[in-house]
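Visitor: I would like to learn how to read this fold. Where do we start?

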Amino acid sequence: PICIGYIGAVKKLEVIENPKVGDKILTEIKILNSAFNIDQIEAKVWSNDKTKILAEGEMKISLTETEI
């Protein structure tokens, strides 16, 4: 199931480089804190099986119970 989500804040975002055509992209999410249905997460985007980091940052997100 896919839930509807909202982004409340983005901070410490750093885009290091863009992927190249044909690169595989892997996104890693780590929940740092969770309260009142709001999660603070850390995200990292890698290319080619974690050989190169493309971007990283933190976000506050909220996911609803509604599925699409």
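Visitor: How many bridges join strand β3 to strand β4?

Guide: This is a predicted model. Strand β3 covers residues 38-47 and strand β4 covers residues 52-67. The two run antiparallel, joined by 9 bridges.

Visitor: Which elements does the protein have, from the N terminus on?

Guide: The run is β-β-β-β. The protein has 4 strands and 0 helices.

Visitor: What radius of gyration does the protein have, and what would a compact globule of 68 residues have?

Guide: Set the value beside the globule rule. The protein has 14 Å, whereas a compact globule of 68 residues would be near 11 Å. Along the principal axes, the C-alpha atoms fill a box of roughly 35 × 25 × 15 Å.

Visitor: What share of the residues counts as buried?

Guide: Here the cut-off matters: buried means under 20% relative accessible area. By that test, 18% of the 68 residues are buried. The accessible surface comes to about 5400 Å², and carbon and sulfur atoms hold 57% of it.

Visitor: What share of the contacts joins residues at least 24 apart?

Guide: Count contacts between residues at least 6 apart in sequence; 51% of them join residues at least 24 apart.

Key
Residues are numbered from 1 along each chain as its sequence is written. This is a predicted model: local features need pLDDT of at least 70, side-chain atom pairs count only at pLDDT 80 or more; totals for chains, interfaces and linings use all residues. Side-chain values use heavy atoms; hydrogens and water are left out. Two strands pair if DSSP finds at least two bridges between them. The radius of gyration is taken over C-alpha atoms; the globule rule is 2.2 Å times the number of residues to the power 0.38. Buried means under 20% relative accessible area, exposed over 50%, partly exposed in between (1.4 Å probe, protein chains only). Contact means heavy atoms within 4.5 Å. Accessible areas come from the Shrake-Rupley method with a 1.4 Å probe; for residues, only the protein chains shown count as cover.
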